[in-house]
Amino acid sequence: MRIEDAIKTKSFHSLQQKLNINIIFTHGWVYDKTQEFFGEYGLTSQQFNVLRILKGQYPKAVTTADIHDRMLEKNAGVSRLVDRLLKKGFVKKTVCEKDKRLVDVIISDRGLKILKEIGKKMHRIDEIYSSLTDEEIQTLNSLLDKLRG
């Protein structure tokens, strides 16, 4: 669907404006699709991101500051995300031995189990891009990388 049709406008004052609006609109569209998918597991995409970061460091603990540095969405409140994951039994947290102001977080067995379950269905996320060929996906990835400089 053309962006003009999606937002019911006839024109933009520049190609750059159209691109900006298109990226923002598309981000929202992809975000909604991923939230819907992770919602089936009682998670948000941000909570899933935290679990993936923790799994990558397992069995080592990770500070909330380190989690924040690696998050896809930098504006996500890591402490709040960790507390919600703790309530669900997906993580464990302790006071950092090296710096008592920090909190160490480690993924729990239950967290590893939910990631494994989600992993079996991750192809559904890939289906978001089914209207693109592999070559188009490579080109889009290259262009987005180039845009970020």
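Mentor: By the ring rule, the count comes to 3 aromatic pairs, where rings of Phe, Tyr and Trp (its six-membered ring) pair if their centres lie within 6.5 Å, and planes under 30 degrees apart count as stacked, over 60 as edge-to-face and the rest as tilted.

Trainee: Why is the pair of Phe37 and Phe38 called edge-to-face?

Mentor: The ring centres of Phe37 and Phe38 are 5.1 Å apart and their planes stand at 70°, so the pair is edge-to-face. Ring pairs also link Phe37, Phe38, Tyr41 and Phe48 into a cluster. This is a predicted model, in which local features need pLDDT of at least 70 and side-chain atom pairs count only at pLDDT 80 or more, while totals for chains, interfaces and linings use all residues. Residues are numbered from 1 along each chain as its sequence is written, and side-chain values use heavy atoms, with hydrogens and water left out.

Trainee: How do you know whether Phe37 is buried or exposed?

Mentor: Buried means under 20% relative accessible area, exposed over 50%, and partly exposed in between (1.4 Å probe, protein chains only). Phe37 has a relative accessible area of 3%, so Phe37 is buried, and Phe38, with 4%, is buried as well.

Trainee: What makes Tyr129 count as partly exposed?

Mentor: Tyr129 has 35% relative accessibility, and therefore counts as partly exposed; this residue is found in the loop between helix H7 (123-126) and H8.

Notes. Helix = DSSP H or I, 4+ residues; strand = E, 2+ residues; numbered from the N terminus.
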